Amino acid sequence: MAIRNVPIPSRQLYIDGEWREPVKKKRIPIINPATEEIMGDIPAATGEDVDIAVEAAQRALARGDWGSTTGAQRAKYLRAIAAKVLEKKSELATLESLDSGKTLLESAADMDDVAACFEYNADLAEALDSKRKTPVNLHLDSFKTYVLREPLGVAGLITPWNYPLLMATWKVAPALAAGCAAILKPSELASITCLELGEICREIGLPPGALNILTGLGPEAGAPLASHPHVDTISFTGSVPTGIKIMTAAAQFVKPVTLELGGKSPIIVFDDIDNLDIAVEWTLFGCFANTGQVCSATSRLILQESIASEFLNRLLVWTKNIKISDPLEEDCKLGPVVSSGQYEKVLKFISNAKNEGATILYGGERPQHLKKGYYVQPTIITDVNTSMEIWKEEVFGPVLCVKTFKTEEEAIELANDSKYGLASAVMSKNVERRERFTKAFQTGIIWINCSQPTFHQLPWGGKKRSGFGRDLGEWGLEKYLNIKQVTEYTSDEPWAFYKAPSKNQ
Ligand SMILES: NC(=O)C1=CN([C@@H]2O[C@H](COP(=O)(O)OP(=O)(O)OC[C@H]3O[C@@H](n4cnc5c(N)ncnc54)[C@H](O)[C@@H]3O)[C@@H](O)[C@H]2O)C=CC1
Ligand code: BAL
Ligand code: NA
């Protein structure tokens, strides 16, 4: 059993390498979704604090101790952060679970991923040194050219609550590796571990202003960051409506944005699979891991008709076996959703599905044994048609909807029948068929014979309404770089485009 009484640290905003009270001195309560109790509070930044943080970031870029560092020097800071995260893993994982409702198992895995992602970006920072200046051979005698890769400037990073520290790391680590100065605005629903990242940066001696952490509400702290004239890029993960607001605000300054938004991803299961239980488990993991609060959750099961009844029977047996409990309990596999707002939203999706004529095959309610906390049973919905809300909209909760198909053509049409385009999964033994689906899926991520495994070496992001731009891999670093071409005229001869004036003119 985990230590429940890890004290909740009381923090201020992390600006310019130190803790600073927000200008307006406001705070937001921290709610534990498993108990509905207030556990503490976080500082609430406003536009005034954003201004102060942006100035601190600009100073860091102008100062030698951050602005003139090599990638190798920055890599040392990133590795030191990774080591501290591992040293504090158990405390950080417990805090993450208390704040967000994630199972302790998943929070602990997140902390390993956080450390590995900082390490991986340290490698990228080191590799950047040899790519900082790349000569380009034009095969011309009169010109010498090269390309510089430089930090883009001040990066605004706005992140969600479903993987609080991990989603922040997907942006913080490459921004720092690139040499940007960053301002992180985590979600007000789960900010504790992101503030602890501030404490880690203080402990390892990250130069002041290189990373600033402003907790607070979206409209009060996130919006002024997105619309700040001296924030040079915004990287955002969250909902489509907020993504649209951020893109609109950034457009006023022609500020580049990357948006990783929602999804309604499909998982197709063919009748040629060897082992039904393996496919069933991936289906469960694809939709119920992290209590379904995953942007890439494969929440539309598209099942070949010939195995539908047997598959659904096995799915029910496995689903009934999922342990739903306080996320700190051993073997808990499904915790509460993050907030009362999210709880109401998920239950409303289920009741709307019922009202539209779908069948709640399993779940759909609060588990009987849990009287408090924002718990929802893992839910399977059948008799779904493509005009229903449950087929079209992202639930962000443990809710799977099911449709069947007869032919490949039908399966791909159903899979791509979405305004979103983040991820797709296909389960089949047939290699040619898997290739056909890989090509046909209109998404940025394809899983074959699995769903959700995520590696920090690979690009992460979508198309259509799921956004654009990529986190992770070398692609996740590129967006924090300014690509500067340098063209030098090396000839002693005049350019001779204009007629030269005569000597006596
Ligand atoms: N794609 C994903 O990973 C996520 C999707 N969602 C979806 O969004 C729904 C709503 O959840 P929310 O927490 O409200 O998501 P959200 O998209 O509003 O929040 C994400 C981040 O944006 C910030 N934000 C909110 N309004 C802002 C604004 N006007 N300007 C700048 N930043 C702003 C928030 O404070 C938070 O840090 C969920 O039910 C879920 O469907 C939520 C979290 C993650
Ligand atoms: N696997 C985590 C990606 C996300 O939900 O944003
Ligand atoms: Na919370």
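Q: Is L189 buried, partly exposed or exposed, and what makes it so?
A: This is a predicted model. L189 has 34% relative accessibility.

Q: Which atoms are the protein donors of the sodium ion (ligand 3)?
A: They are I31 (O), D99 (O), D99 (OD) and L189 (O). They lie 2.4 to 2.6 Å from the ion. The limit for Na is 3.2 Å, so these atoms qualify as donors. Along the sequence, the donor residues follow the spacing I-x67-D-x89-L.

Q: What makes I31 and L189 a tie between parts of the chain?
A: I31 lies in strand β3, while L189 lies in the loop between β8 (181-185) and α7. These parts are 158 residues apart in sequence, so the pair ties them together. I31 is partly exposed, with a relative accessible area of 35%.

Q: How many aromatic pairs does the structure hold?
A: The structure holds 14 aromatic pairs.

Q: Why is the pair of F143 and Y489 called tilted?
A: The ring centres are 5.4 Å apart, and the cut-off for a pair is 6.5 Å. The planes stand at 50 degrees. Stacked needs under 30 degrees and edge-to-face needs over 60, so the pair is tilted.

Q: Which elements does this pair of F143 and Y489 tie together?
A: F143 lies in strand β6 (residues 143-151), and Y489 lies in strand β22 (residues 481-489). The pair therefore ties together parts that are 346 residues apart in sequence. F143 has a relative accessible area of 24% and is partly exposed. Y489 is partly exposed too, at 34%.

Q: What makes the pair of F143 and W495 edge-to-face?
A: The angle between the planes is 85 degrees, and edge-to-face means over 60. The centres are 5.9 Å apart, against a limit of 6.5 Å. F143 is in strand β6 and W495 is in the segment after β22, so this pair ties together parts 352 residues apart in sequence.

Q: Is W495 buried or exposed, and how do you know?
A: Its relative accessibility is 61%. Exposed means over 50%, so W495 counts as exposed.

Q: Which residues form one aromatic cluster?
A: F270, F405, F437 and F441 form it. F270 also has a charge over its ring: the charged end of R433 sits 3.9 Å from the ring centre.

Q: How do you know that R300 lies over the face of W391?
A: R300 is 4.6 Å from the ring centre. The distance limit is 6 Å, and the charge must also lie within 35 degrees of the ring normal. R300 is assigned to the face of W391.

Q: Why is the contact of R79 and D123 called a salt bridge?
A: The closest N and O atoms are 2.9 Å apart. The cut-off is 4 Å, so the contact counts as a salt bridge. R79 lies in helix α3 (residues 71-87) and D123 in helix α5 (residues 104-131), so the pair ties together parts 44 residues apart in sequence. R79 is partly exposed at 25%, and D123 is partly exposed at 40%.

Q: What makes R11, E196, E199 and R202 one network?
A: Salt bridges that share partners join these residues. The structure holds 31 salt bridges.

Q: How do you know that E36 and K372 meet in a salt bridge?
A: Their N to O distance is 3.6 Å, within the 4 Å limit. E36 sits in the loop between β3 (27-32) and β4 (37-43), and K372 in the loop between β14 (359-362) and β15, 336 residues apart. K372 is exposed at 52%, whereas E36 is partly exposed at 30%.

Q: What is noted about the phi of D383?
A: Phi is near 55 degrees, a positive value in a residue other than glycine. Most residues other than glycine have a negative phi. D383 is in the loop between β15 (379-382) and α13 (389-392). At 51% relative accessibility, D383 counts as exposed, since the cut-off is over 50%. D16 also has a positive phi, about 60 degrees, and is not a glycine. D16 is in the loop between β1 (13-15) and β2 (18-20).

How values were computed
Residues are numbered from 1 along each chain as its sequence is written. Chains are lettered from A and ligands numbered from 1 in the order in which they are written. This is a predicted model: local features need pLDDT of at least 70, side-chain atom pairs count only at pLDDT 80 or more; totals for chains, interfaces and linings use all residues. Side-chain values use heavy atoms; hydrogens and water are left out. Rings of Phe, Tyr and Trp (its six-membered ring) pair if their centres lie within 6.5 Å; planes under 30 degrees apart count as stacked, over 60 as edge-to-face and the rest as tilted. Helices (H or I, at least four residues) and strands (E, at least two) are DSSP runs, numbered from the N terminus. Buried means under 20% relative accessible area, exposed over 50%, partly exposed in between (1.4 Å probe, protein chains only). A salt bridge is a side-chain nitrogen of Lys or Arg within 4 Å of a carboxyl oxygen of Asp or Glu. Donors are N, O and S atoms within 2.8 Å of the metal (3.2 Å for Na, K and Ca); water is not among the atoms, so sites may look incomplete.
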